[in-house]
Amino acid sequence: MTAEPLIQLEGITKTFGSGAAAFQALKGVDLTIERGEFVAIMGPSGSGKSTTMNILGCLDVPTGGVFRFRGVEVQKLDRDQRSLLRRRYLGFVFQGFNLLARTTALENVELPLLYRGENKTQRRESAMRALDQVGLVPWASHTPAELSGGQQQRVAIARALVTQPDVLLADEPTGNLDSERSVEIMQLLQRLNGEGITVLMVTHEEEMAAYAKTIVRFRDGLVERIDRSAHAVEGSAV
Amino acid sequence: MLGSTLLLALREIRRHILRSILTTLGIIIGVAAVVTMVTLGNGVTASVQEEISSLGASNFIVFPVRTDRGTIRPFDEADVKAVEQQIAGVTIAAGTVAANATAFYNGQDWDTRVVGSNNDFLEAQSITVEEGRPFSKDEEEAGKNVCLLGLKVREAIFVPGTSPIGARMRLGGVSCQVIGVMEERGQGGNGADDDDAVYLPLKNVQRRFRGNDNLDYFVLKYDPSYAPSVIQDSLVDLLRERRLLQGEQPNDFNVIDTAQVNQALGAATGALTAMVAVIASISLLVGGIGIMNIMLVSVTERTREIGIRLAIGALAREVRLQFLTEAVVLCALGGLVGIALGFGASIGLAAAIDVPFVFDPMINLVSFLFAAGMGIVFGYYPASRASKLDPIDALRHE
């Protein structure tokens with residue numbers, strides 16, 4: 001391990017479309033994220049937070065600037081190389097859960113391992129361990145339709161965790177949940193962060209952002225302000 | 001990886017079982033049609049060949065035809081002798097006549113055919129004696145009252161299990177002694193049933209049943225080292241000469257070359273097979289387009305799933321492989337169903353049109369592989385489209 005930061009954004013720009021219809025979503029974002037951080041990305045819609053998240057998740061590439069992940073310049077990688085980065089180091093949690101329907105919780109969690117070429121026994125073992133981390137072992141053989149929203153999101157988190165990634169990217173993870181479930185999910189993310197995983201989360205709810213150690217606020221395609229270790233939620237774990 | 005891809009494909013197909021069946025219908029029908037037609041074609045070929053071989057192992061069949069003036073001039077033994085002796089390469093020439101008669105024995109009777117044929121004719125036609133003995137030279141020359149039974153005649157008037165050899169039976173008004181029973185033959189080439197016949201020396205039938213020395217037709221065999229066309233030419237020349245036909249007068253007889261008949265039938269079957277191949281290709285092409293269509297629908301329906309897989313880290317080729325596998329499995333299953341249907345249909349139809357069922361493993365294997373190949377051809381574009389989806393757009397897809 002080098003002293004290099006986990007994630008480094010330098011002068012990141014992103015333009016959608018071209019010519020007169022061109023829209024510059026990011027206008028030069030600089031951001032450094034260290035290992036073990038819990039970052040909440042906030043901002044009004046159109047501020048560039050989702051675009052940033054897609055770039056951080058190696059799903060999209062910036063138009064300009066340098067994005068270093070573990071020292072690798074991601075903007076120079078091709079599609080498949082970025083897929084391999086995601087496969088090895090990133091876990092995704094989405095607002096809409098994005099579980100495969102008619103597929104059990106266990107199989108959903110096993111999915112990323114399939115692309116790692118692990119055998120069935122290894123897959124089952126790791127998937128059960130991940131389900132255990134989110135407290136869903138008894139629901140392993142249930143399909144998403146048989147689970148509540150909160151449970152579905154926990155399955156999604158287990159799926160993100162199963163590969164033991166460096167970074168967990170959560171895009172509005174509580175957006176589809178009531179406040180009670182939301183708190184459960186945030187506490188879970190906080191606990192996982194406490195166990196060493198770096199968490200990047202997009203949210204528009206201040207209460208949720210409060211669980212993070214760092215809040216990055218976006219406005220008009222730029223980082224407006226960074227609040228570090230602003231406050232920890234009263235009574236929360238860790 | 002491939003194992004789980006395969007399982008996944010099967011599961012997807014099962015999930016949309018009705019759609020899968022309807023989609024593969026084109027392939028199922030195409031494959032079933034090919035398998036059925038080729039199998040039946042083989043059966044027809046086999047039965048035609050059997051029929052041709054029962055035309056006789058002889059090479060030429062010669063018979064008189066009606067002239068413009070409406071007369072028929074039959075051949076006689078002198079013609080046959082001349083052919084045998086004067087044409088180089090001819091090994092056997094033998095004539096035959098037939099007449100209808102009722103066979104009687106021990107109170108049983110049976111309407112059948114008496115065939116006048118010496119051993120030469122039987123040999124040329126590959127009609128063999130199974131039990132007893134063939135005619136002796138003496139019996140042939142004297143036209144004695146001895147006979148060889150076709151299998152059906154034996155079954156009709158003799159008690160099963162007893163040997164008819166030595167028995168005296170009656171054919172119409174003629175009494176004869178049974179000296180042998182023929183091997184089973186099946187349908188003869190001239191439409192007559194060679195098993196439903198009693199064979200007597202040629203002279204006997206000519207004298208007692210027909211009352212003249214005429215022949216219905218004669219057959220000949222030749223040494224295979226001679227060119228058939230040369231033999232046929234000299235045969236025609238000789239017969240024209242014997243029948244005093246002048247230069248421009250047409251032949252009042254016909255020579256059938258069984259090898260040529262064989263060839264013509266082969267060509268006909270070949271043309272039939274080619275036609276089936278064309279029809280099948282069209283059906284398979286339509287089927288393939290159906291597969292492509294449903295795979296495109298499937299890719300659209302599962303856009304979000306593809307997005308999830310890509311986000312999780314699936315490579316483009318892994319997504320492509322998944323959809324390609326699904327298309328191939330779908331087609332291969334269609335192929336299997338088609339083969340099963342074709343198998344059943346060919347057994348049923350073969351029985352219905354009375355041809356033998358000839359199982360051809362090759363056509364089954366080829367059809368199956370072809371069907372699976374269709375999956376690759378028509379599954380590639382949808383699969384490649386799936387693999388090129390943008391993960392962000394795909395995840396947003398409703």
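A residue is taken as buried if 20 or more other C-beta atoms lie within 10 Å of its own, and as exposed if 12 or fewer do. By this criterion, Asp79(B), Val80(B) and Val83(B) are buried in helix 3 of chain B, which covers residues 77-86 of this predicted model. Viewed down the axis of helix 3 of chain B, the buried residues fall within an arc of 100°, and they therefore line one face of the helix. Ala78(B), Lys81(B) and Gln85(B), on the other side of helix 3 of chain B, are exposed. This arrangement can be set beside the geometry of helices in general. An α-helix has 3.6 residues a turn, so residues three or four places apart point the same way. The partners of the buried residues of helix 3 lie in chain B: these residues pack against strand 2 (75-76), strand 3 (90-105), strand 11 (217-222) and helix 8 (228-242).

Chain B as a whole contains 13 helices and twelve strands. Its radius of gyration is 33 Å, well over the 21 Å that the globule rule gives for 398 residues, so chain B is more spread out than a compact globule. Taken along the principal axes, the C-alpha atoms of chain B fill a box of roughly 105 × 60 × 35 Å. Of the 398 residues of chain B, 39% are counted as buried. Among the contacts in chain B that link residues at least 6 apart in sequence, 85% join residues at least 24 apart.

Chain A comprises seven helices and ten strands. For 238 residues, a compact globule would have a radius of gyration near 18 Å, and the 18 Å of chain A agrees with this value. The C-alpha trace of chain A spans about 50 × 40 × 40 Å along its principal axes, and buried residues make up 46% of the chain. In chain A, 68% of the contacts between residues at least 6 apart in sequence join residues at least 24 apart.

The mean pLDDT of chain A is 90, with 95% of its residues at 70 or more. Over residues 232-238 of chain A, however, pLDDT stays under 50; the model has twelve contacts beyond four places in sequence for this segment. Where pLDDT is low, the predicted coordinates should not be read in detail.

Between the two chains, 19 residues of chain A are in contact with 17 residues of chain B. Helix 2 (79-89) and helix 3 (105-114) of chain A each supply at least two residues of the side that touches chain B. Helix 2 of chain A gives the most to this side, with six residues. By class, the side of chain A that touches chain B has nine nonpolar, four polar and six charged residues.

Within helix 2 of chain A, the buried residues are Arg82(A), Ser83(A), Arg86(A) and Arg87(A). These residues cover an arc of only 145° around the axis, which puts them on the same side of helix 2 of chain A. They pack against strand 6 (90-93) and helix 3 of chain A, together with helix 10 (303-312) of chain B.

Phe97(A), in the loop between strand 6 and helix 3 of chain A, has a positive phi of about 65° although it is not a glycine. With 22 C-beta neighbours inside 10 Å, Phe97(A) counts as buried. Glu172(A), located in the loop between strand 7 (167-171) and helix 6 (179-194) of chain A, has a positive phi of about 50° and is likewise not a glycine. Glu172(A) is buried, with 20 other C-beta atoms within 10 Å.

How values were computed. Residues are numbered from 1 along each chain as its sequence is written. Chains are lettered from A and ligands numbered from 1 in the order in which they are written. This is a predicted model: local features need pLDDT of at least 70, side-chain atom pairs count only at pLDDT 80 or more; totals for chains, interfaces and linings use all residues. Helices (H or I, at least four residues) and strands (E, at least two) are DSSP runs, numbered from the N terminus. The arc is that of the directions from the helix axis to the C-beta atoms. Two residues are in contact if their C-beta atoms, placed from the backbone, lie within 7 Å. pLDDT is the predictor's confidence in each residue, from 0 to 100. The radius of gyration is taken over C-alpha atoms; the globule rule is 2.2 Å times the number of residues to the power 0.38. Ala, Val, Leu, Ile, Met, Phe, Trp, Tyr, Cys and Pro count as nonpolar, Asp, Glu, Lys and Arg as charged, and the others, Gly among them, as polar.
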